[in-house]
Amino acid sequence: MMQKSKSSRNPRKAKKPKGSPTLKEPQGSQAPKKSTARQDSRDTRTDRVVRKVTMKPGTMLNPVPVVLVSCAADGKQNLITIAWTGIVNSEPPMTYISVRKSRYSHELIRRSGEFVINLATESIAEKVDFCGVRSGRDVDKFAECGFTPVPSDQVSAPLVAESPVNLECVVRDVIEYPSHDMFVAEIVCVHGNKNLFGETGRFCLEEAGLIAYSHGEYFGLKPRPLGRFGYSVMKPKTRRRIRREQRNSRKRR
């Protein structure tokens, strides 16, 4: 059952007394700088100080996932593209989506208390974008984009067959904010394309061609990982084994 919940001054700079000497640092040394409210960072590639530019508060957390959320209520179904989503708990698996109050999908999710998160890929990126700029009040997005609705196992909203991974979700809480409402939901069932499972049974999600959204643009994820969780403290023997497995996997593709 859904529950609803609500969500220094800068110190004055001391004036320098007239006639006070300017101290020069000895050549080849650098005096420690005092801590300030805005600190410079250092570019390790060139060892140069990188200046920061202060901007007004905004939603500048990037990149973020791109997902296609399907929902249904009272015989009507719709798709909406969402970038504000993530995982909030592991046991039980919990996720969330933030939806603007004026959206048609917001109305359907509030009435049904269910939705499906469908991961987006490069092959359907343009259609996913379309679902984010057109309203379900005016167009049937499934029909317009040629997406195939597939009945879910545990929720009323359909899966999108063209998505490689589908997460069936049941809303457990709604947190209201001024522009958006956050639907916190439990993931009750997960579906994955069979062709993404390797010979050993491992789910090879890196081969799905997933995309991300960053500062107004869509980007494909690099197929080769920089490393896996914990690789910074990995034993050399384990590191060599993983690299060998990755090389063999690339050869089989």
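D74 counts as exposed, with a relative accessibility of 64%, where exposed means over 50% relative accessible area, buried under 20% and partly exposed in between, using a 1.4 Å probe and protein chains only. This is a predicted model, in which local features need pLDDT of at least 70 and side-chain atom pairs count only at pLDDT 80 or more, while totals for chains, interfaces and linings use all residues. Residues are numbered from 1 along each chain as its sequence is written, and side-chain values use heavy atoms, with hydrogens and water left out.

Now, most residues other than glycine have a negative phi, and most peptide bonds are trans. D74, although it is not a glycine, has a positive phi of about 55 degrees, and it sits in the loop between strand 5 (67–73) and strand 6 (76–82). Strands here are DSSP runs of E with at least two residues, numbered from the N terminus.

Where is H215 found? It is in the loop between strand 14 (211–214) and strand 15 (217–220), and H215, which is not a glycine either, has a positive phi of about 50 degrees. At 60% relative accessibility, H215 counts as exposed.

Let me turn to the peptide bonds. The bond from N62 to P63 is cis, with omega near -10 degrees, and P63 belongs to the loop between strand 3 (48–50) and strand 4 (64–65). E91 and P92 are also joined by a cis peptide bond, with omega about 0 degrees, and P92 lies in the loop between strand 7 (85–89) and strand 8 (94–100).

Terms used. Helix = DSSP H or I, 4+ residues; strand = E, 2+ residues; numbered from the N terminus.
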